[in-house]
Amino acid sequence: MSAQRLPARARRTAISRHIALLSLALLLGVQLLDSWLRQPPLTIWVLRVLPLLIFLPGLVQDRPRTYIWICFVILMYFLILVLRLFAAPTDPVAWVGMISVVSLFVAAMMYARWRSQEFNRAL
């Protein structure tokens, strides 16, 4: 392995982390906007936002295991958004939510993989 490849690995890991964090912020924004537009009870609003907020400290502190776990949790959001898109295919909020969920899933999955490889190489 050449020394030139290491910065490229670190760069792709950093890019995937930033994409994951931006996608999480976008998904939180979509959930808040959708809650504001539909005005559900406070309990429903909390149940939509709290699972995402629980993972925020681990994501900000750069813990690969947190990125792995959020991939499992956002599958719930994916299922709900797929159902909403089948019911209302022209809903822009649902489309933005779907794009943010898919980009968060892919970026978090790749970040966890690449970051774990970096940890293993360091040992």
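The crossing of H2 and H3 is left-handed, a term applied when the near helix is turned anticlockwise from the far one by less than a right angle, with right-handed used for clockwise. The residues that form the contact of H2 with H3 comprise 13 nonpolar, 2 polar and 2 charged. The structure is a predicted model, in which local features need pLDDT of at least 70 and side-chain atom pairs count only at pLDDT 80 or more, while totals for chains, interfaces and linings use all residues. Residues are numbered from 1 along each chain as its sequence is written, and side-chain values use heavy atoms, with hydrogens and water left out.

The chain contains 4 helices and 0 strands (DSSP runs numbered from the N terminus, helices being H or I of at least four residues and strands E of at least two). The order of elements from the N terminus is α-α-α-α. The C-alpha trace spans about 55 × 25 × 20 Å along its principal axes.

The axes of H2 and H3 come within 10 Å and cross at roughly 155° (lines fitted to C-alpha atoms, for helices over the stretch in contact, with angles from 0 to 180 degrees between N-to-C directions). H2 and H3 are therefore roughly antiparallel to each other (over 145 degrees; under 35 counts as roughly parallel, 65 to 115 as roughly perpendicular and the rest as oblique). On the H2 side, the residues in contact (heavy atoms within 4.5 Å) are Leu47, Arg48, Val49, Pro51, Leu52, Phe55, Gly58 and Leu59. Their partners in H3 include Trp69, Ile70, Val73 and Tyr77.

For H3 and H4 (residues 92–122), the axes come within 9 Å and cross at roughly 160°. H3 and H4 are therefore roughly antiparallel to each other, and their crossing is left-handed. This contact divides into 24 nonpolar, 2 polar and 2 charged residues.

The largest pocket has a volume of about 200 Å³. On a 1 Å grid over the protein atoms alone, a pocket is an open set of points where a 1.4 Å probe fits, with protein on both sides within 12 Å along at least five of seven lines, and lining residues have an atom within 4 Å of a point. Grid points are joined across faces, edges and corners, and the volume is the space filled by probe spheres set on the points. H1 (5–38), H2 (42–60) and H3 (64–87) each supply at least two lining residues, and H3 gives the most, with 5. The lining consists of Gln31, Asp34, Ile44, Leu47, Arg48, Met76, Tyr77, Ile80, Leu81 and Arg84. By class, 6 of these are nonpolar, 1 is polar and 3 are charged (Ala, Val, Leu, Ile, Met, Phe, Trp, Tyr, Cys and Pro count as nonpolar, Asp, Glu, Lys and Arg as charged, and the others, Gly among them, as polar).
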